[in-house]
Amino acid sequence: MPSFDVLDNINHADLKVKYEFGQEHGNAVNHTVVFATEFDALQREYPIYFKRDDNNKYYAVVLLGLDKDENLFLDHHNWNADYIPAVQMRGPFALEILKQDTASSEAADPIVRIDVSDSRVGIEHGQNLFLPMGGHAPYLKESIKNLQRIHVGAQINDDFFSKLESFGLIEAITVQADYGDSLKYTIPDMFTINKARLAELSGDELFELNQLGLLEHCFAVLSSSANMSRLVNMKLRTLSI
């Protein structure tokens with residue numbers, strides 16, 4: 001059971017975290033939630049799609065595999081990609097956002113927590129979290145940036161998809177992978193950017209979309225679809241058909 005402590009440079013001065021991935025760390029999944037804040041990096045390696053939750057709210061995912069619990073990017077304790085989705089990169093850390101003090105115009109600094117029960121956490125092996133004089137070590141700095149990427153992405157998620165819907169830019173798609181008569185994969189209930197609708201937008205609509213910072217995200221999603229063939233080929237290398 002997770003046991004999250006507030007991370008500080010006194011009680012956790014000697015703490016280290018192993019930089020590793022695997023089934024035991026929850027990384028053996030065939031898709032993972034992602035956020036618009038990371039689309040630019042994701043588009044280079046993963047196919048980005050949208051899904052809807054039980055409340056019909058959209059959220060973004062990248063495909064990592066075709067079979068259940070299959071992550072084709074996992075290789076023992078390594079993740080073979082230049083960019084790792086923020087949720088999977090989170091490791092044993094969590095970010096707690098405190099409510100803003102109404103008497104102050106400044107938001108309180110977020111609190112970083114660490115799951116001290118996580119098998120990656122210890123004092124003998126792994127990445128240092130703090131420098132000898134107490135400052136944040138590079139690994140912790142990057143981990144905090146990653147947590148902030150998740151937080152900001154989650155905060156803007158509903159508005160992001162609401163805007164896409166208002167422009168009529170979301171369409172349903174069935175993702176398929178065909179390995180001949182012997183094996184076919186069909187992934188229903190996925191959504192993507194409507195390329196035809198995007199091309200029909202007026203100059204004013206494109207300007208508004210760009211001003212809102214959405215245009216680049218739309219192009220990232222469309223560009224990422226080319227990575228589906230990469231995923232198919234990665235799966236093919238695991239098969240004996």
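User: How many salt bridges does a search of the whole structure find?
Analyst: This is a predicted model, in which local features need pLDDT of at least 70 and side-chain atom pairs count only at pLDDT 80 or more, while totals for chains, interfaces and linings use all residues. Residues are numbered from 1 along each chain as its sequence is written, and side-chain values use heavy atoms, with hydrogens and water left out. With a salt bridge taken as a side-chain nitrogen of Lys or Arg within 4 Å of a carboxyl oxygen of Asp or Glu, the search of the whole structure gives a total of 9.

User: Which strands hold R113 and E96?
Analyst: R113 and E96 form a salt bridge whose closest N and O atoms are 2.6 Å apart. Strands here are DSSP runs (E, at least two residues), numbered from the N terminus. The pair ties together parts that are 17 residues apart in sequence, because E96 lies in strand β8 (residues 93-96) and R113 in strand β9 (residues 111-115).

User: Are D118 and R120 buried or exposed?
Analyst: D118 and R120 form a salt bridge, with 2.9 Å between the closest N and O atoms. Buried means under 20% relative accessible area, exposed over 50%, and partly exposed in between (1.4 Å probe, protein chains only). By that scale, both D118 and R120 are buried.

User: What is the relative accessible area of R197?
Analyst: The side chain of R197 meets that of E205 in a salt bridge at 3.3 Å, N to O. E205 counts as partly exposed at 24% relative accessibility, and R197 is also partly exposed, its relative accessible area being 22%.

Terms used:
Helix = DSSP H or I, 4+ residues; strand = E, 2+ residues; numbered from the N terminus.
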